[in-house]
Amino acid sequence: MKTRVGSRRAASMVALCIATAGVLAVGGANAQQAKYPAGGPKLPQWSVLPDWSGLWERGGDIVWDDRIPFKAGEPELPPYNADYLKEYMARRAEQRADALAGRPRTFRGAGLYGSMPAMMIMLFPMDIQINRHEVVIMTANGGAREIYTDGRVHPADALPSSRGHSIGHWEGKTLVVDTCCFRADTRLPGGGAHSDQMHVTERFWSPDGHALKDAITVEDPKAFTKPWTTEKTYYRRPDWEQVEYDGEENTRDFGKPSPDGEAAFGPPPKAEGAASPAPTPVAAAAPKPPKPPGKPATTEGLQKATALAVGNLAWETVVVAELKRDSDKVTWNGVTRSVTWHCTAAPDGTKAYCEQPPAPPGAAGPPGARPTMATASEPAPARPAGPPALVKNTVTVGGQDRDYYYFVPPKADRAGFNQVVYALHDNGQTAQQFAQASGWMKVAADNGFVVVFPETVQKDWGPSAGGEDDYLAAVLAHAGTHMLIPAPPGGGPGGPRAGGGGGEGAAEGDAGRRGGPPRIRTWAPFQYLTGVGAGATLAQAFAMNHPGLYAAVATVDGVANDAAYAKGEQPADGAYLHIWPDKALVPIWKQQKKDVPVAIWLFTHGAPTAAETRQADYWKRADRVAAAAATNSAGGYETAVFPARDNPSQQVRTTTLPASAPVDARLAGTIWNDLFARVARWTSSPNGDLGRLMTHAEVDKAFEVKSIAVGDRTYTYYVKTPPSYSKGQKLPVVLSAHGFAFPAWMYLSQIKLHEVGDKEGFITVYLQGQRDAWTFEDPDGPDQQYILKVIAAVEADYGADPGRIYMQGFSFGSGLTYMMGLTHPELFAGVSPNSGIGPMPKDVETRIAQIKAKSDARTPMLLLYGDADRGGSVDGEIPSQGILRGAIDEMKTYNHIATADGAKPFHSPTGPGYDILVPGGKLVSDAVDARYPQGRFKIYQYSSADPTPRNLFNFVWVRDLTHGGDPRQAQLEWDYFKHWRRNADGSLSYVPN
């Protein structure tokens, strides 16, 4: 057996070459016999090898050929023959339909950019290592490509692979490469197919030592009419290091968001572990002394500033144009092949901020481009300052560019999730006219939610308004990540940013993009739909076809067409199982569309027609409401309310308006205040579950709102004591930490921990992080000090029992909970991190080691995770390796648990098989009901290796659950917590029932 190591990392990344007769296959890793000509290997001399070792960054766009001028919406096609061109066009149509339907797009063969020749586009930087035997090209996302330079030839019966079999030779300092033997099921750049006869030749050379060129020629006699060529350029990055990217295995579920999004403009990002900025004080801060001016920015400096602000762009490809220097700033256009960026920076080039300018009136932007920020009648800068206005975005549907408008009010949450109303106008109107006349902009400005106004093509949704399904789906998907936060008064890029997020932050509405303006954060539970006339017809049809996308729908004078009723018999989308796009789960609880509840409000001018009565009856069946209605006056409109007996949020409302009643701000305000603001579609089942959403004002009234200072920061927290509480009682306390961008006042309506506290007799404390986020890099950081102060305050103010303090957290708050339980075991009798877990930062790991060295600390833990969440496999199984396995092992080690977990092969119906975890803990099924007769909660109970074993760790695997929580979760946590008490000496006591 012979192993060749081509770099400091190659031993772990490069396949072993096994020199033995025949072909060996062990555990899915393949090797084959090398074939040499007579005389054996012929190795080049070290002296002829160029010094290309190190990291290189892609120059240009993520396209096949940068030499082809950019044309919006025109893909770069291989020179296909008629048969392959037909297959390509059919596949593009299928991909477009999948994208609009929210179905995941997958590629076999290490991913699209992990196979040849797409690999050489270099989505991520490449690491090149050269020795006499081979040239190894490694990427963060696609493994390694070996180009053998030892004289071997292609095997006669080579095993087909995604990167093929590459042999090369040196012509001076030029590497000439020949690659064959590809699998036919991988894809070319752009997603097109190739045959098993594809053949690739390359010539690598460096003209100056800083740039590296690769001239690529792809030939395929079965698929092409002529060779397909390109020339790629890469740039040396001597001070970079490779960082692995793996969507399955290298994800930190509660990954740290960018530090307030300051990377692109404003002050430089803070160092790791540094404190986040404090809230803006009421009194004006003392002016800071001015910094001495730096040197004027050079052209190269502005190229680098553009690349840093835009992201994923080699600075050498940027052309600086229209440079203008003023005393307080420098402005320029950063021009790339496909985009011109308008950039602003300090005179020395720091604090750079770049954005795309608005397209000229009537100009169409490229598909998927950043939003155009001007309308034909109202040209405006990309982030308009001053009074808020409608903003136009463009989506491409079926090859046609379609516009929609949105409104972000000044009161919108710049850090957390925002509720979003999608409002459809009637025929004969434009979206802009409806935005003003309907009153939705005014109501949004008063209440702080966001409104999206889809637009017809020619003021007409069509006779049946049934053909706009794809368009509305595209608007919903696009708006969720492309609505910008308006600039603060005075204009410019200053002011707070929403920031970006990795891990769960991305999941919960990716609001900030590196180098782009801050974007509004949205999340699936807080989306609502309304429409008038033909817009109401469209809204009803879309809601019936996709009932799991909106929490509530309110329409005026419109009913769905007959085709929409027929779709009610189809399986529901199960959209919440695909929040993470790489998931392909089949729901256990299967619903038809007609069985998915939606909160509905139907307004009619005059008595309902037979068609309107039919519409109401459809939703009454879907919501399973009571036969009798309660009548109330909502906003002065007499309304019949039909609630479901077991869930009042499942309701149907009907209101008969006077014939002359206008559709105005009064009506919009009534819909918002009485319905939309009070309901959410929680991510607790494949199609979501309707539930009550307490308004911020209701939360402030129902809870004791407390504040506490940590240095120059002021934190808030919410306290709820049970009805049985009386002063002097030593009650247990459960602290709860919200997720990233998911403020406590919203999160408490999902977890409902306080309702369990009212029943079970414990004090509930909802913690509120700064800017709706948490930090857990430093075990003594400000957030950690805040929690310690809250515990002390609750013990002092309410006489809480210090031996029964517990903590649970969701998503980002899960990481905080986990860290607190491990670094402060003396304070907590139990912790439960939910829906987010990953490796702890180095400083936290060091503190844990110090604690364990001093004492035999233990912390009872319950880890709860959904099968459709990020850490689960594509099929909803527990991977045998990765973030979950690592967390389980760490919790077991911490609590002295020796129970071994196993692994077994899983034959995936969606792709190659893989190993899944077989937990060794005792399995107990819970949450058994008609939907989950085998139980939704699979609880694996682990006990310590002590003379008297103790159940110190439970791993709970929840079926059909994405990033969210089952309504029974809080009770499950309490049922585990209540058995544990932390004694004064730090030891644990088990409390039987």
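This is a predicted model: local features need pLDDT of at least 70, side-chain atom pairs count only at pLDDT 80 or more; totals for chains, interfaces and linings use all residues.
Student: How many helices and strands does the protein chain have?
Tutor: Of the 993 residues in the protein chain, buried residues make up 55%. Among contacts between residues at least 6 apart in sequence, 66% join residues at least 24 apart. The secondary structure of the chain amounts to 19 helices and 41 strands.

Student: Which strands stand at the edges of the ten-stranded open sheet?
Tutor: The order of this mixed sheet is β28-β29-β31-β30-β32-β33-β34-β39-β38-β37, and the twist from one strand to the next averages 20°. An edge strand here pairs on one side only, and the strands in that position are β28 (704–710) and β37 (922–926).

Student: What angle does the direction of helix α18 make with that of β34?
Tutor: Helix α14 (residues 753–760) touches β29, β30, β31 and β32, and its direction makes about 160° with that of β31. Helix α18 (residues 883–894) touches β33, β34, β38 and β39. The angle between the directions of α18 and β34 is about 170°.

Student: Which residue of β39 is the bridge partner of Tyr940?
Tutor: Strand β38 (residues 937–942) pairs with strand β39 (residues 953–958) in the antiparallel sense, over six bridges. Within β39, the partner of Tyr940 is Phe955.

Student: In the hairpin of β23 and β24, which residue takes a positive phi?
Tutor: Strands β23 (residues 630–634) and β24 (residues 637–643) are antiparallel and share five bridges, and Ser633 stands opposite Glu638. Two residues lie between the strands of this hairpin. The residue with a positive phi, near 65°, is Gly635.

Student: Why is one side of β12 and of β15 left without a neighbour in the four-stranded sheet?
Tutor: This open, antiparallel sheet has the order β12-β13-β14-β15. Strands β12 (319–325) and β15 (353–355) stand at its edges, so one side of each has no neighbour in the sheet, each having a single partner strand.

Student: Which residue of β15 stands opposite His342, and at what angle does helix α3 run to β13?
Tutor: Strand β14 (residues 340–345) is joined to β15 by three bridges, the two running antiparallel. The residue of β15 opposite His342 is Glu355. Helix α3 (residues 299–310) lies across β12, β13, β14 and β15, and its angle to β13 is about 70°.

Student: Which residues are joined into one network with Asp929 and Arg968?
Tutor: Asp929 and Arg968 meet in a salt bridge of 3.1 Å, N to O. Asp929 lies in the loop between β37 and β38, and Arg968 in the loop between β39 and α19. Asp929 is partly exposed at 22%, as is Arg968 at 27%. Salt bridges that share partners bring into the network with them Arg931, Arg936 and Asp966.

Student: How many of the nine residues of helix α19 are buried?
Tutor: The buried residues of α19 include Leu972, Trp974, Tyr976 and Phe977. Helix α19 (residues 969–977) is largely enclosed by the rest of the structure, because its buried residues number eight of the nine.

Student: Which residues make the nonpolar surface patch of about 240 Å²?
Tutor: One of its members, Met89, lies in helix α2 (residues 82–101). Met89 is partly exposed, with a relative accessible area of 46%. The residues that make the patch are Leu77, Leu85 and Met89.

Note on methods. Residues are numbered from 1 along each chain as its sequence is written. Side-chain values use heavy atoms; hydrogens and water are left out. Two strands pair if DSSP finds at least two bridges between them. Axes are lines fitted to C-alpha atoms, for helices over the stretch in contact, and angles run from 0 to 180 degrees between N-to-C directions. Contact means heavy atoms within 4.5 Å. Patches are made of residues with over 30% relative accessible area and no salt bridge: like charges are joined within 9 Å, nonpolar side chains (Val, Leu, Ile, Met, Phe, Trp, Tyr) within 5 Å. Accessible areas come from the Shrake-Rupley method with a 1.4 Å probe; for residues, only the protein chains shown count as cover. A salt bridge is a side-chain nitrogen of Lys or Arg within 4 Å of a carboxyl oxygen of Asp or Glu. Buried means under 20% relative accessible area, exposed over 50%, partly exposed in between (1.4 Å probe, protein chains only).
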